[in-house]
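Visitor: I would like a close look at a single part of this model, please. Could you show it to me first?

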Amino acid sequence: MNHTSIFSSASGISFEIFPPKKWESFPNLYETLDALKELHPSFISCTYGAGGSNSKKTAEIVSYIQNQLGIEGIAHLTCAALTKDSFLSTIRAFQEKGIHNVLALRGDKPADMSEEAFAGREYKHPSELIPTLKEAGFTVAGACYPEKHFEAATMEEDIHFLKHKVEQGADFLISQLFFDNEIFYRFLEMCERAGIDVPIEAGIMPITSAKMIGTTINLSGASVPKAMADLLARYQDSPEDMRKAGIDYAITQIRELRERGVDGIHIYTMNHADVARDICAAL
């Protein structure tokens, strides 16, 4: 699989979804996926639970995307609690289901894992997974952080490790979400100066409710520009207006990014096909 096929869709839009916590919720997710197919995405990625807790669900979902919908699917794979044996067994399970694209991530410490065990884990960085994935025939994506990974001391240090990830074989990168396009443009300039020349997709999360912003900031570390803060202050007591304003904000971001010729747009859908549909209709 040539990684350029990931970007074969003319839409230049891709989506992220996540597995339901309960198997009985899967029918709703498959309805979401069927709806997302109609938007002609370049690919759909599916997240992976800490410590592999959702690995079976991830494989089932990405297999459906790949084999039933005929869309490129990307399986997230976190290394936080992987052993060599569990890594190889996960690779085999992906291959058996026809999955050939992986997003290699570190992931968070599993709740039932001690700090000592986490510190001594077999794979400390996702870059350590990439050579084995490439040897097994996978197209591999990596994550990148326009506002710096929270553990990196400086942006320069973060770019250094990102370049190493690419040198290990990452075919393209998907960015953490951001709300200020200027931050992303500065990040791209730093990548170019560092010699990072693989495609970089811009991660966009539509904020459709006031309560989303606190959780989003805690998880992503993204900063909130004045325009977003003003939007939240204005519409936080009006859910319907907040939803529309959040979608409009994302549409504006995407239009500006496209005008600058970014490599693609990756929308964090939060499993809401209607939000993705509204954005794509406006574009």
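How many bridges join strand β7 to strand β8, and in which sense do the two run?

Guide: Happy to walk you through it. A word on the source: this is a predicted model, in which local features need pLDDT of at least 70 and side-chain atom pairs count only at pLDDT 80 or more, while totals for chains, interfaces and linings use all residues. Residues are numbered from 1 along each chain as its sequence is written, and side-chain values use heavy atoms, with hydrogens and water left out.

Now to your strands. β7 (residues 200-204) and β8 (residues 265-268) run parallel and are joined by three bridges. Strands here are DSSP runs of E with at least two residues, helices are runs of H or I with at least four, and both are numbered from the N terminus. Two strands pair if DSSP finds at least two bridges between them. Across this pair, A202 stands opposite I265 in β8.

The pair belongs to a barrel: eight strands close in the order β1-β2-β3-β4-β5-β6-β7-β8, with parallel pairing. From one strand to the next the twist averages 25 degrees. Helix α2 (residues 55-68) packs on the sheet and touches β1 (13-17), β2 (43-46), β3 (72-78) and β4 (101-105), its direction making about 165 degrees with that of β3. For such angles, axes are lines fitted to C-alpha atoms, for helices over the stretch in contact, and the values run from 0 to 180 degrees between N-to-C directions.

Back in strand β8 you will find H266. This histidine counts as buried because its relative accessibility is 1%; buried means under 20% relative accessible area, exposed over 50% and partly exposed in between, with a 1.4 Å probe and protein chains only. Leaving aside neighbours within four places in sequence, H266 is in contact (heavy atoms within 4.5 Å) with S14, F15, E16, F43, S45, I174, E201, A202, G203 and I204.

Some of those partners lead us to β1 and β2, which pair in the parallel sense over three bridges. There F15 stands opposite I44 in β2. Both faces of β2 are covered, with F43 and S45 buried on one side and I44 and C46 buried on the other. In a regular strand the side chains alternate between the two faces of the sheet.

Although not a glycine, M270 has a positive phi of about 55 degrees. M270 is classed as partly exposed because its relative accessible area is 36%.

A cavity is a set of points, on a 1 Å grid over the protein atoms alone, where a 1.4 Å probe fits but cannot get out, and lining residues have an atom within 4 Å of a point. About 40 Å³ of space lies in this second largest cavity; for such a volume, grid points are joined across faces, edges and corners, and the space filled by probe spheres set on the points is taken. Its lining divides into five nonpolar, three polar and no charged residues, where Ala, Val, Leu, Ile, Met, Phe, Trp, Tyr, Cys and Pro count as nonpolar, Asp, Glu, Lys and Arg as charged, and the others, Gly among them, as polar.

Conventions
On a 1 Å grid over the protein atoms alone, a cavity is a set of points where a 1.4 Å probe fits but cannot get out, and a pocket is an open set with protein on both sides within 12 Å along at least five of seven lines; lining residues have an atom within 4 Å of a point.
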